[in-house]
Amino acid sequence: MKTPSLPPVLAAVLACLLGTAQAAELPRLVSQDGRHALLVDGKPFLILGAQAHNSSNYPGALKPVWDAAHDLKANTVLMPVAWEQVEPVEGQFDFSFVDTLVKQARQQKKRLVILWFATWKNTSAQYTPEWVKLNPERFPAMKDPEGKPSYCLSPFGTETLKADRKAFVALMGHLKQIDSTDRTVLMVQVENEVGTYGLVRDFAPAAQAAFDQPVPAAVLAHKKPVAAATGNWREVYGPYADEYFHAWAIARYIGEIAKAGRAVYDLPMYVNNALRNPLDQPPKPWNKDFASGGPTWDVIDIYKAAAPAIDIASPDIYTPDSEQVNANLRLFGRRDNPLWIPEIGTRPAYGRFLYAMLGRGAIGVSPFGIDYFNYTNHPLGTTATDKALVEPFEPVYRMFAPIQRQWAQWAFDGKTQGMGEADDRKPQQLDFPGWTAKLTYRLGRFGEAAWGGEFAKPTPGTENPNGGVAMAQIAPDEFLLIGQRVRVRMEAAEGTQGMMLRAEQGRFDDQGRWVMERVWNGDQVDYGLNLPAEPVMLKVKMGRPR
Ligand code: DGJ
């Protein structure tokens, strides 16, 4: 017999009245045709993130973070939670900061991504509790070939793994307890920028013994041998053996922690990465030029093999070189690896890359150091600690925020593309089924460069690259454009004829309805669609003569 069930709206009202609020769905990652979405409350969600500074994980430090995140129009804050703060005395946990953070995030109407700073933060042990730092016997460092200890904790420290895992499981248990209804916390980053500088791997006896063992089958299945098809690490991976082995050792360690945490509370989990040069192709063996063992693009396969509980290896982008940025987006956005940029520098040069990231279907992006704390990581980031800090990003977030759910759905369906202006300032193009968008930069909004004289001169304000556009093909002949400082010309696919029928400037309201503000025609379309310095949103209808 069929049991009568209440319609969802009535069920929700009843739950409210009875004080039995319904649990929202767990955030989770889904994939289709090699594309990905982060489902939040059951629907694709675009993380418009703001990452706090490293030392803002204390109740008294939160206000400048909320203020900056608010000014940025971020929907999610990325915040560290440190092992040293939650377990200052072994076995005694204190999650009061987590409680404050989650409560305030809800008041601020922000979601959270928690960054677990523990065994490794930028490869070092600085966020471990004192009882870990002061006991190298129990929590050993890696050793160089002469037996000299490195600054970096060993991934073969079985006690270290046990202790970190225990603290992480306690954290996940606590999150489950306080957040199973609201789901304010969307994802968890396990450790931070792992790997080791200056030493390619651990040479201590336990590590050496593992290095001399046959390469595990799971690794062989993911990462193509470069020498022998089977055998120990040196035999199979030749000159890459040490760094691949270290990646495997660290990934396995992190994978254990993530797996245990997810068994308690199953949130999506990821690792972030201090990048190696993506233009070093094919990659040369490690030569002290990056943190060996971190989830650099060339060892993502090893992370997939050794740490299946980690969903994403993600790039932290701190080089504004456009060729490198684009290469990183290509290398990290894979069928088996959602594109997610948990850190990007705050210098104005980075703003334009948001169009490329969101156009490429990233599940989100987050500038680092969005925090009015009186500190800046200049010269890596901007010098500003006031509203100027959010200026390169806020205009872009302002455009995407009202349609973040819709954009995430379009991206998941493969309808979006985007570009940031390249350092060489050259034209670019975006190819869609049936149509191509030709992009040019630095031109005035009237006239053609071919006319010479003033018309050929670069427009003031374009001295540095700062243009970009993201586009969604919302119907076969219809596009939504969001962009700044770029001329867009739509052309029909080769061999066909096409024309622009209508270009509306507008916005989406709170209900997700398009509000037309004006139709661009005459001067506004005679020389392509010239998007101004302040981002705009256009709905463009193309047509073909019958
Ligand atoms: C990358 C790290 O992941 C961040 O925590 C921070 O240290 C930045 N580098 C530098 O500000």
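Basis. I number residues from 1 along each chain as its sequence is written, and side-chain values use heavy atoms, without hydrogens and water. Because the model is predicted, local features need pLDDT of at least 70 and side-chain atom pairs count only at pLDDT 80 or more, while totals for chains, interfaces and linings use all residues.

Aromatic pairs. I found 25 aromatic pairs in the structure; rings of Phe, Tyr and Trp (its six-membered ring) pair if their centres lie within 6.5 Å, with planes under 30 degrees apart counted as stacked, over 60 as edge-to-face and the rest as tilted. I looked up W116 and F168, a tilted pair at 5.8 Å centre to centre with 50° between the planes. This pair links distant parts of the chain, with W116 in strand β6 (residues 111-121) and F168 in helix α6 (residues 158-179), 52 residues apart; helices (H or I, at least four residues) and strands (E, at least two) are DSSP runs, numbered from the N terminus. Both W116 and F168 are buried, that is, under 20% relative accessible area, where exposed is over 50% and partly exposed in between (1.4 Å probe, protein chains only).

I then took Y270 and W340, an edge-to-face pair at 5.7 Å centre to centre with 90° between the planes. Y270 lies in strand β10 (residues 269-274) and W340 in strand β12 (residues 340-344), 70 residues apart. Y270 counts as buried because its relative accessibility is 0%, and W340 is buried at 0% as well.

Charges over rings. I noted the charged end of R201 over the ring of F211, 3.7 Å from its centre, and that of R544 over the ring of W435, 4.2 Å from its centre. The criterion is NZ of Lys or CZ of Arg within 6 Å of the ring centre and within 35 degrees of the ring normal.
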